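This report describes selected side-chain contacts and local features of one protein chain. The sequence and the structure are shown first, and the description follows.

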Amino acid sequence: MVASNPEREMTRNQRGLVDTCFEEGQYESGIAVLDQLRSTSFRPPADHIRQLLYIALFPPPPATGDQIYHQEHAPPSPVKGSPTKQKLTLSKASLSPSVTESEAAQRILFSFLATNSPGSLFRALPKYSLDDVADSDLPPGSSDNGHDEDSLVARESRCIKDCRICWAILKEGFIQHKKLLPEETSKKRGGSAYDVQVANLDQGHGTPAVVAEHAWPVLRWLLSVFEKDELLHSQESGEKFSLYLLSQIPPPRGGSGLRWEAGAPLDIVFHAVKQKDGERRDMATRLLTLLINLGLSGSFDGPMFATTLTTRLYTCPPQIAQNLMESLPKTVPLLTFKITVCQKFLSSGSSTIGGTKPRPRPLPRRGSRRDSGAMSLSATDIDVVRAGSSLPPRPALATCSEVFQLLCNNHTSQKSDPAPPVLTIKYVLLMSCAHLQGLLPPKERDSDWEEALTNGRLKHVIDTAFPSDSTYHVALSIITRFWLAGHGCTEH
């Protein structure tokens, strides 16, 4: 356990070994030194973690096929000879991190996570204060006073510290691809030792992605930090949520009530779930699971989060909605949350039976934010927040009879592309109820579910809620046979 072995700061000499390598652009050598110094007894310096994140997030060169371009951006090799020869040689080399060095930085970030506490790593990242949260004992961030910033990467990496939330560092364009050059003439230590030559690269004109193509490994690392923190916090307090994830949620503007603004991480969830790569889609599930656990803790407004997620699902393609909702782990708390979300979704849609669903109200205009992680807020979000500290109680879980009635309501079918994924949500709701009933102890199960299996009501619900030619109806008809067999029943 990390708590039984307090971490001490690295000594100045240990830091100096790494600083010297980074100052000369020898990033792989500096990373190798950090790996040798890595220990459960010493926490890595916060500025070194920021520099590793900067190197890990440094964009690769554009795929121009120009060998000269790649040669100019190649990392400097170790130089032998006199100091004068070394200085002359390094003055012509680029100090831009290479792809190999970025990958090395990504690997050691995960290595530090294996040996050090989440707090020793996360102090390098931006976060909101948790002064308004009871029993939150996050260690203070590092001030970096007196630390060596002669290296160019040290000064460049301070952009990470200037953000408000960690999600901002993942955004496309947050770190521009630059050609970082040392000056031709030497200057005294402590002065402006390097020039930054910004490459004129075509960045395109589309909306920047919330996760840059080269930033996925860093997102995976952030999720791993949150998950380890969640595990440690659960072992220490019995509450399964991450305080560091909570520190990425801004405090309520009025100063009272629970935190609730989760637009930025939800942007990442819905961006990740649309990816073709399976590991990236898995990150969507991991982040959403972390947020749900946070909402179940009482330190984050779970009902408000469920409402926000429901709003997002209205404009989500059916397959994406199904992939996201079905990918969540099948545990009692998460299944309960899924049922609540589906209930909110279908209850909102029931008021528009026979007509078209009203278009979402436009998002409110907000003042400019310092960082690139500004969050989108729906009108529903604003209405709930205006309630202040008098938040509504957690909604009770619907009974199976209420679920059946909701499923059988004549919701708008999916005959046109803009229609919300009603059938998908109905399918997820029914499957979640079935999984939940299977996980609950026999005495806690809903008798309505048991009766529906034996008296044919479940088949009637499926026939009513899903068109006979839909894939959902076909799948549920097959699955129902297994449910019936499990209860020793024959199909009615």
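## Cysteines

The number of disulfides in this predicted model comes to zero, a disulfide being a pair of cysteine sulfur atoms within 2.5 Å. Cys 342 illustrates the point: the nearest cysteine sulfur belongs to Cys 433 and is 8.4 Å away, so Cys 342 takes part in no disulfide under the 2.5 Å limit. With a relative accessible area of 0%, Cys 342 is buried. Cys 316 also counts as buried, at 5% relative accessibility.

## Salt bridges

Side chains of opposite charge can pair when their charged atoms come close. The model holds 10 salt bridges.

| Arg 220 | Glu 279 | 3.3 Å |

The salt bridge of Arg 220 with Glu 279 has its closest N and O atoms 3.3 Å apart. Arg 220 belongs to helix α10 (residues 216-237) and Glu 279 to helix α13, so this pair ties together parts that are 59 residues apart in sequence. Both partners are partly exposed: the relative accessible area is 28% for Arg 220 and 44% for Glu 279.

Asp 267 is partly exposed, at 23% relative accessibility.

Elsewhere, Glu 9, Arg 43 and Arg 123 are linked in a network of salt bridges.

## Aromatic rings

A pair of aromatic rings is described by the distance of the centres and the angle of the planes. The model holds 12 aromatic pairs. In one of them, the ring centres of Phe 300 and Phe 305 are 5.8 Å apart and the planes stand at 55°, so the pair is tilted. Phe 300 and Phe 305 are both buried. Phe 466 and Tyr 472 form another tilted pair, with 6.3 Å from centre to centre and 45° between the planes. Phe 466 and Tyr 472 are buried as well.

Ring pairs also join Phe 122, Trp 167, Phe 226 and Tyr 244 into a cluster. A contact of another kind involves Arg 8, whose charged end sits over the ring of Phe 42 at 4.6 Å from the ring centre.

## The loop between α13 and α14

Asp 301 is placed in the loop that runs between α13 (278-295) and α14 (302-314). Is Asp 301 buried or exposed? At 5% relative accessibility, Asp 301 counts as buried. A polar atom of the Asp 301 side chain lies 3.2 Å from the backbone nitrogen of Met 304.

## Helix α20

An α-helix has 3.6 residues a turn, so residues three or four places apart point the same way. In helix α20 (residues 447-455), the buried residues include Trp 449, Ala 452 and Leu 453. Why do they lie on the same side of α20? They cover an arc of only 100° around the axis, which puts them on the same side of the helix.

Ala 452 counts as buried at 2% relative accessibility. The C-alpha atom of Ala 452 is separated by 9.0 Å from that of Cys 400, and the two residues are 52 residues apart along the chain.

Both ends of α20 carry a local feature. At the start of the helix, a side-chain oxygen of Asp 446 comes to within 2.9 Å of the backbone nitrogen of Asp 448. Just after the helix, Gly 456 adopts a positive phi of about 85°.

Conventions:
Residues numbered from 1 in each chain as written. Predicted model: local features only at pLDDT ≥ 70, side-chain atom pairs only at ≥ 80, totals over all residues. Heavy atoms only, no water. Buried < 20%, exposed > 50% of the residue type's maximum accessible area, 1.4 Å probe, protein only. Helix = DSSP H or I, 4+ residues; strand = E, 2+ residues; numbered from the N terminus. Arc of directions from axis to C-beta. Polar contact = N/O pair within 3.5 Å; in protein donor to acceptor, adjacent residues only side chain to side chain. Phe/Tyr/Trp six-rings, centres within 6.5 Å; stacked < 30°, edge-to-face > 60°. Lys NZ or Arg CZ within 6 Å of the ring centre and 35° of its normal. Salt bridge = Lys/Arg side-chain N within 4 Å of Asp/Glu carboxyl O.
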